[in-house]
Every structure is written in structure tokens, then in C-alpha cells.
Amino acid sequence: MSGAHCIIVGGGHAAAQVVASLCISQWPGRITLVSAESYLPYQRPPLSKSYLSGSSTIEQILIRNPDFYKKPNLDVRLATRVTEITRSDKSVRLDDQSTLRYDKLVLATGAQVRRTTIDGHGLPGVFYLRSAADADGIRQQMPRTNKAVVIGGGYIGLETAAVLCKAGIGVTVLEALPRVLQRVTTEEISAFYKRVHEEEGVRVVTGVVVKSIDGDEYVRSVTLQSGEVIDAQLVIVGIGVVACTDLAAVAGLTVSDGIVVDEYGRTSDPDILAAGDCTNHFNALYGRNIRLESVQNATDQAKVVADTLGGRLSPYRAIPWFWSDQFDMKLQIAGLSQGYDRVVLRGSTTEGRSFAAFYFQGDRLLAIDALNRPKEFVACRKALSEGRRVDPALLADELVPIQDAFAEAPQI
Ligand SMILES: Cc1cc2nc3c(=O)[nH]c(=O)nc-3n(C[C@H](O)[C@H](O)[C@H](O)COP(=O)(O)OP(=O)(O)OC[C@H]3O[C@@H](n4cnc5c(N)ncnc54)[C@H](O)[C@@H]3O)c2cc1C
């Protein structure tokens, strides 16, 4: 392995963690990071939170201090894109037409926004939100904006709406499905978010079809299929992401809603590994393949990949977790709720801003949505990772301290 060259493609959470873990474990050869972004790896979640509101700077959200990357065996190439992988001679081509040879290659290419084809989508003033450059564009437009439309009522759309609303901009959220967050949560929690956004002054319209985005030199309004015209000097489209798999697919790696990797982060080519949003990975805890979009997953999978590169096989078996900040609310999610047949509520979703929803399949606890309930989140995440069975009646009873509810739970 001595002198082996590891190339990491990507500049997000997964790439940064692979580099860090390889440096910490003293990778015995060269490491090259090739990132299409012009900034060093930074945290993406603040882009729809503190960075968008202007309360943090790019320096404050960098994942590692710039000094960390000043290592003799580490070469960081920013604003550079890998355009092709040639597996037969283990090389990658860069967009400056140069070629680099690798011994091991890690794909941490993340995800890209799903784009809309609605009439007028290309008008100036229409934005997506994935990179710091996107957030910079929105921030520049905010002072010139009285009214904004957010297309898409998922987490990023709602977080963005909250930031714009707090900045004094009149915001309308347009969601095509019957409720916001429909793909990821229950009816009660969707109704909760709609209520809170409306309490804060956001207009939330669900079950609508956007007909066109209108304007001449700049966006002026959004027209719905119903004929309603909504004024807007800023439109943000947040309709989900797709995994960046093109490089892998063209190179002949197995791709199926993400680059398919095993529990050690290995693709169908033993010298190419992958981590983060771009993967469809095997999670040994669930015994199946999953594709996730979360910092936790990107970071934990990257550590597994670095271990594999170092010859220490440690299967990926993390409990997924995620968070979302909107107004004065911190939502923390642990586990995967898919397949639930029952939700046990601690607190209320119809009054106030504090509750925990526990998802069960039969008597098996699957997941938690904790809204301003950090204690419940921490206790439940631990119980999930230990595979504990818990009495739903104890969880629902606010008089039973949450630690006690889980303390009674036997491990299975
Ligand atoms: C606005 C926003 C808010 C979010 N909020 C949360 C949150 O609150 N909590 C949470 O857990 N998650 C959140 N997420 C999701 C989280 O940021 C992602 O899951 C995480 O960034 C995934 O990391 P990654 O390294 O896999 O991919 P990414 O962060 O997408 O990084 C991929 C990188 O690869 C680069 N790249 C792609 N192709 C090439 C190529 N061919 N050559 C060179 N470079 C390339 C890209 O430019 C990019 O820098 C949020 C995401 C966004 C956009």
C-alpha cells in the first residue's frame, strides 16, 4: 500500500470526512481531493438557516480550518470537476483536461437539485438552494424583495420560507401534494408545520399546480393553474434532489437510485468506494439498501470508507438521524419511520411547539420525530441503537420521565 494514491471526488461532508479520517489514520500515500466548488468543504445545512439569514459567514461554516488541509501528502484541487473515470488504467480526467492516476478512488459526489421545467424557470430571480453560491445569490436578492414564492414544501423549502419571513419578506409556499412534508411525515405533523408557518405569517398553499413563472427581465410573479397570480421578486425552487451518479454510471459501476455500495462502502469495482448522498448503501442494522440525504449518513459512511481503505473492515450500521430548524423550532429525527402502523404522541401537535412522535411497527419502535424535545431525542436514539422494546403507554405519559420510560425497556 505504501505510496498508494487515493483520489476523493467531491467537496461536501462525505469528502471532507474521508480526507480527515485518512489523515488521522496516517494514510501512507498521497491523497488528492477534487472538488467542483470554489470553497473548501463547508457545512451545507446552514445554507437554509444561519448562512442564508446572514448570521454566519463561509469561514464560520467550514467543516475544517483551512490549516488542516496544509499537509505534505494532501493535494486539494478546488473549482475542478472530474469528468470521466477510466477504470481500465485507474485514472480520472479533470475538466482542465489533465489526468490523474489512482490506486483507490472515492466518489463523494453528493446530490444535485431536481430542476423544474415550468415556463419561465430560467428567469433571473429564480433560484435553487444547494451550494453556498446559490445561497449567496438569494441573499443578494433579499434586500430587493417584498414578496417571495417558495415552490416545494419539503424541509429545505420550509426552512428557507422561515428565513425569508423572519427577514420581513412576505412568503408564499406552494406545495403540489395535499400537505407539506407529505413524503417524510404524518398528517398531524404536516398540519403542525402548516399551522406554525401560518402563525408566523407565511402563506402555505397545498395541492396546487404552478402554471408559470412570469416576468420580463426579472421574475415578477407566479401563476397557478387556478388562474391566481402571486407577486414575487424572488422564487426559490425546492423540489428535491437526485443523486450525482453520472460519473459512476458511465464508468460501468452498478447504479440504482444512487451508486450501489455494500456495508463497507465498496462499489462494484473493488478499487472504487463511495459515501454520502450519492450512495445507495447497505445498512447492516436494517439489512437492506437505503439512500439518505443527511449529514450524519455522509459523515458516518465516510468513516467506514476510510476504515475500508485502511484495511479495517467495519460494517456500516448507524441509526440515521437528521434535524431541521424553522423559526424557534428544532426538529430532530432518529430512525426510519417507513412501514410504521402506529404513532404514539407525547405532547400535542395542535397546540404549542413541543412534542415527540414515536413511530411503531407492531410493538417495534422504528423512529422518533422530536420537536423542541432534545431529551426525548437523545433517549430514543440510544434505545433505537440498542434495539430496545418500549411500552408505548409510558412514552405517551408526560408524567413518566423519558429516561424512566426507556430504562424499563428490555433489549431485544
Ligand atoms: C440547504 C440545505 C439544508 C440542509 N439541511 C440539512 C439538515 O438540517 N440536516 C441534515 O442532516 N442534512 C441537511 N442537508 C443535507 C446535507 O447537507 C447532505 O446530506 C450532505 O451535504 C451530504 O453530503 P455529501 O458529501 O454526500 O454531498 P454534498 O454535500 O452534496 O457534496 C458533494 C460535493 O461533490 C461535488 N461534486 C459533485 N460532482 C463532482 C465532480 N464530478 N467533480 C468534483 N466535485 C464534484 C459537489 O460540488 C459537492 O461539493 C441539507 C442540504 C441542503 C442543500
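Modeller: A strand here is a DSSP run of E with at least two residues, and strands are numbered from the N terminus. Please note also that this is a predicted model.

Biologist: In which strand does Val-343 lie?

Modeller: The strand in question covers residues 342–348, and Val-343 falls within that range. Val-343 therefore belongs to strand S24.

Biologist: Does Val-343 count as buried, partly exposed or exposed?

Modeller: Buried means under 20% relative accessible area and exposed means over 50%, with partly exposed in between. Val-343 has a relative accessibility of 33%, so this residue counts as partly exposed.

Biologist: Which residues make the nonpolar surface patch of about 210 Å²?

Modeller: A residue needs over 30% relative accessible area to join a patch. Val-343, at 33%, is one of the members. The patch is made by Val-343 together with Leu-345 and Tyr-340.

Biologist: How many disulfides does the structure hold?

Modeller: A disulfide requires two cysteine sulfur atoms within 2.5 Å. The structure has no such pair, and the number of disulfides is 0. For Cys-244, the nearest cysteine sulfur is that of Cys-278, at 7.7 Å.

Biologist: Is Cys-380 buried or exposed?

Modeller: The limit for buried is under 20% relative accessible area. The value for Cys-380 is 0%, so Cys-380 is buried.

Biologist: How far apart are the C-alpha centres of domain 1 and domain 3?

Modeller: The domain assignment gives domain 1 as 5–112 + 241–309 and domain 3 as 328–407. Their C-alpha centres are separated by 33 Å.

Terms used. Residues numbered from 1 in each chain as written. Predicted model: local features only at pLDDT ≥ 70, side-chain atom pairs only at ≥ 80, totals over all residues. Heavy atoms only, no water. Patch = residues over 30% accessible without salt bridge, like charges linked within 9 Å, V, L, I, M, F, W, Y side chains within 5 Å. Areas by Shrake-Rupley, 256 points an atom, 1.4 Å probe, with all protein chains shown as cover. Salt bridge = Lys/Arg side-chain N within 4 Å of Asp/Glu carboxyl O. Helix = DSSP H or I, 4+ residues; strand = E, 2+ residues; numbered from the N terminus. Buried < 20%, exposed > 50% of the residue type's maximum accessible area, 1.4 Å probe, protein only. Domains from an automatic or database assignment.
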